[in-house]
Amino acid sequence: STTLTGAVSGSGSLSMVGAGTLVLQNTGNSYSGGTSIGNDSVISVNNNGQLGSAAGTITFLQSGVLSV
């Protein structure tokens, strides 16, 4: 697994594709392009602030998992 502890920001999106887990730890993430999870990948958070701007969408592709 890979852990991002710093803030993720900007107008782009965050994507996790391929087997493995991405752990987002910073509750100040403010990226606004949405989140894509696919191809046997997992994004793990424990606070919705870790998923970027509330305006962004979450898209699940081919067996992607959001772990809360």
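This is a predicted model: local features need pLDDT of at least 70, side-chain atom pairs count only at pLDDT 80 or more; totals for chains, interfaces and linings use all residues.
Local features need pLDDT of at least 70, side-chain atom pairs count only at pLDDT 80 or more, and totals for chains, interfaces and linings use all residues. Residues are numbered from 1 along each chain as its sequence is written, and side-chain values use heavy atoms, with hydrogens and water left out.

An open sheet of 4 strands runs in the order β1-β3-β5-β7, with parallel pairing. Strands are DSSP runs (E, at least two residues), numbered from the N terminus; two of them pair if DSSP finds at least two bridges between them. β1 (2–4) and β7 form the edges, each pairing on one side only. Neighbouring strands are turned by 20° against each other on average, direction ignored. The axes are lines fitted to C-alpha atoms. β3 pairs with β5 (residues 41–44) over 4 bridges, in the parallel sense. Thr21 has Val42 of β5 as its bridge partner.

The largest nonpolar core has 10 residues, including Val8, Leu22, Ile43 and Leu51. Such a core joins buried Ala, Val, Leu, Ile, Met, Phe, Trp, Tyr and Cys residues through side-chain atoms within 4.5 Å. β2 (14–17) and β3 (20–24) each give two or more residues to this core. Beyond four places in sequence, Leu22 is in contact (heavy atoms within 4.5 Å) with residues including Leu4, Leu14, Met16 and Ile43.

Leu66 lies in β7 (residues 65–67). Its relative accessible area is 25%. Leu66 is therefore partly exposed, a class between buried (under 20%) and exposed (over 50%), with a 1.4 Å probe and protein chains only. Leu66 touches Ile37, Ile43, Val45, Leu51, Ile58 and Phe60, not counting residues up to four places away in sequence.

Note on methods
Axes are lines fitted to C-alpha atoms, for helices over the stretch in contact, and angles run from 0 to 180 degrees between N-to-C directions.
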